[in-house]
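Subject: Structure handover

Hello,

Please find the structure below, followed by notes on what was found in it.

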Amino acid sequence: QVQLVESGGGLVQPGGSLRLSCVVSGITFSPHAMEWYRQAPGSQRELVARISGRSSTNYDDSVKGRFTISRDNAKNTVYLQMNSLKPEDTAVYYCKVRIYNYWGQGTQVTVSS
């Protein structure tokens, strides 16, 4: 069974930075594309960033140039570096293996002064 554990969220002021981590177990990590999603209150869950098994990346337009997705296959971990954070980035952030419908508990990111 696939398990995902997200961490690294918190409260940050506008313009600040956070680095989210997601440790994956239960699969052979390296070949799989990984994704970060977020869900704000009252909104649908949306895809933020994707990284392939070969580390090619894609981003939603709302985070392009501010967020960076990366992976460490030796640690079965995917990261989301978030810079220049805005209040509209406030959400619960989740990671996901692209081809499996398993979700972790998420990590809360709150951007507020």
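In these notes, buried means under 20% relative accessible area, exposed means over 50%, and partly exposed lies in between (1.4 Å probe, protein chains only). This is a predicted model, in which local features need pLDDT of at least 70 and side-chain atom pairs count only at pLDDT 80 or more, while totals for chains, interfaces and linings use all residues. Residues are numbered from 1 along each chain as its sequence is written, and side-chain values use heavy atoms, with hydrogens and water left out.

Salt bridges

A salt bridge here is a side-chain nitrogen of Lys or Arg within 4 Å of a carboxyl oxygen of Asp or Glu. Side chains of opposite charge can pair when their charged atoms come close. The whole structure has six salt bridges. In one of them, R38 pairs with E46, and the closest N and O atoms are 2.7 Å apart. E46 is partly exposed because its relative accessible area is 34%, whereas R38, at 5%, counts as buried. Shared partners join R38, E46, R66 and D89 into one network of salt bridges.

E35 takes part in two of the bridges described here: with R50 (2.7 Å, N to O) and with R98 (3.8 Å, N to O). R98 lies in the loop between β9 and β10 and E35 in strand β4, so this pair ties together parts that are 63 residues apart in sequence. Strands are DSSP runs (E, at least two residues), and helices are runs of H or I of at least four, both numbered from the N terminus. At 2% relative accessibility, E35 is buried; R98, at 45%, is partly exposed.

Disulfide

The structure has one disulfide, a term that stands for a pair of cysteine sulfur atoms within 2.5 Å. C22 and C95 form this link, with an S to S distance of 1.8 Å. C22 is in strand β3 (residues 18-25) and C95 in strand β9 (residues 91-97), 73 residues apart. The link is right-handed, with 40 degrees about the S-S bond, and both cysteines, C22 and C95, are buried.

Aromatic rings

Rings of Phe, Tyr and Trp (its six-membered ring) pair if their centres lie within 6.5 Å; planes under 30 degrees apart count as stacked, over 60 as edge-to-face and the rest as tilted. By this rule there are three aromatic pairs. Y37 and W103 are edge-to-face, because their planes are at 75 degrees, with the ring centres 5.1 Å apart. Y37 is in strand β4 (residues 34-39) and W103 in the loop between β9 and β10, 66 residues apart. At 16% relative accessibility Y37 is buried, and at 32% W103 is partly exposed. Y100 and Y102 make a tilted pair, 6.4 Å centre to centre and with 55 degrees between the planes. One aromatic cluster is formed by Y37, Y94 and W103.

A charge sits over a ring if NZ of Lys or CZ of Arg is within 6 Å of the ring centre and within 35 degrees of the ring normal. R19 lies over the face of Y79, 3.9 Å from the ring centre, and K96 over the face of W103, at 5.9 Å.

A last point on the loops

P41, in the loop between β4 and β5 (46-51), is exposed, with a relative accessible area of 75%. P41 and A91 are 50 residues apart in sequence and 7.0 Å apart in space, C-alpha to C-alpha.

Regards
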